[in-house]
Amino acid sequence: MPLSQRLPLGQLPTPVMTLPRLSQALGGPQLLIKRDDLTGLALGGNKVRKLAYLLSDALAKGHDCIITAGAAQSNHCRQTAAACAQLGLPCHLLLGGEPPKDISGNLLLDHLFGATVHWCGEQRKGEDAAALLAQLKSQGLNPYLVPYGGSSPIGALGFVDAIHELDKQMAEALPSHVVFASSSAGTHAGMLVGRAQLGHDYQLLGINIDKQPGELPFDERIYQLTQQTSELLATTTTIKRADLHLLDDYLGEGYGVVGDAEREAISLCARYEGILLDPVYTGRAMAGLIDLIRQGRLNQQHRVLFWHTGGAPALFAYADQLQLT
Ligand SMILES: *Cc1c(COP(=O)(O)O)cnc(C)c1O
């Protein structure tokens, strides 16, 4: 199958910056940051990279509306809704939970972009997609299903590119570790494939954000997606299971539950660097990075790049849990 083109949805390349004040405060490795919170579209985030391929595929195949799914404060859904608005495609969002009294954060933006929201109770990962797909088809529409988190081989291509983008920016001095929030496999798998293509050996260290009940173990899902993505690209690079570094130590009280570690990470980045993290993903991933530094597992022999994957619009919906004393 010929690869779909990438739509110009995002402002790429995103900047790589140093975090001098945070590095000094933590006393560990030199810290750098890749600013995918600045991908441009609708307050940015990592899903823009995946959607650039997924929505290109949808248009190439003649679809006329989009379905995707996520939590009520899904960044993926917000970015999908915005991209659909730009492309003139009706967008249907299957959101977990019940209609809330206050519409804020990402959900507010979903509405501004004109998306149709379907509330799905416990089902925040698109379990109801088949029924909606059938319903829209019966109305004569031709819907395209963007998978949960945009994590399919086509979506993962966005992060294969992202690693090539990083390579061009940092070819002189690659980091020893890249730390990021890992949740639906696409970011992690795409990065692994891109790194394998380039033959680099820096460690891609995913901080698991979401307990993954039932189905396949999360690391197995990431691994399978690397294989499918390599197949789609017809690359011959081999990725071993041992290349896959996923830390399950920072799941806290579960998906989207803000604890002291997330609060501290958000506060440190804001106060030392003027950078906003988000309560669900990057706050937790940075909390993991801070803990690894405090344990000495990441230290002054290392050079660590934190991949900021976006999400700050959710801060406003979590205001009551982020009050700092
Ligand atoms: C979706 C998301 C992630 C995780 O990316 P996956 O490809 O789903 O693992 C990380 N950070 C933010 C802010 C996100 O919205």
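**View 1. The largest pocket and its lining in the predicted model.** The largest pocket is lined by 14 residues, and Gln73, Pro100, Asp102, Ser104 and Ala317 lie nearest its centre. On a 1 Å grid over the protein atoms alone, a pocket is an open set of points with protein on both sides within 12 Å along at least five of seven lines, and lining residues have an atom within 4 Å of a point. About 250 Å³ of space lies in this pocket; a volume is the space filled by probe spheres set on the grid points, which are joined across faces, edges and corners. By class, the lining has 6 nonpolar, 5 polar and 3 charged residues. Here Ala, Val, Leu, Ile, Met, Phe, Trp, Tyr, Cys and Pro count as nonpolar, Asp, Glu, Lys and Arg as charged, and the others, Gly among them, as polar.

The model is predicted: local features need pLDDT of at least 70 and side-chain atom pairs count only at pLDDT 80 or more, while totals for chains, interfaces and linings use all residues. Residues are numbered from 1 along each chain as its sequence is written, and side-chain values use heavy atoms, with hydrogens and water left out.

**View 2. The second largest pocket.** Among the 13 residues that line the second largest pocket, Ser151, Ser184, Ala185, Glu215 and Arg221 lie nearest its centre. The space in this pocket is about 210 Å³. Its lining divides into 4 nonpolar, 6 polar and 3 charged residues.

**View 3. The largest cavity.** A cavity is a set of grid points where a 1.4 Å probe fits but cannot get out. The count comes to 1 cavity of 30 Å³ or more, and the largest cavity has a volume of about 240 Å³. It is lined by 25 residues, of which Asn46, Lys47, Ser183, Ser184 and Tyr281 are the closest to its centre. Two or more lining residues come from each of H2, strand E3 (65-70), helix H3 (75-87), E7 and H7; helices (H or I, at least four residues) and strands (E, at least two) are DSSP runs, numbered from the N terminus. H7 gives the largest share of the lining, 3 residues. By class, the lining of the largest cavity has 7 nonpolar, 15 polar and 3 charged residues.

View 4. A polar contact is a pair of N or O atoms within 3.5 Å. For asparagine 46 the corresponding distance to a ligand oxygen atom is 3.1 Å. The protein covers 98% of the 380 Å² of accessible area that the ligand has on its own, by the Shrake-Rupley method with a 1.4 Å probe.

**View 5. Backbone at proline 13 and alanine 42.** The peptide bond from leucine 12 to proline 13 is cis, with omega near 0 degrees. Proline 13 is in the segment before strand E1 (16-18). Alanine 42 has a positive phi, near 50 degrees, in a residue other than glycine, and its place is in the loop between strand E2 (30-35) and H2.

Conventions. A polar contact is a pair of N or O atoms within 3.5 Å; within protein, one must be able to donate a hydrogen and the other to accept it, and residues adjacent in sequence count only if both atoms are side-chain atoms.
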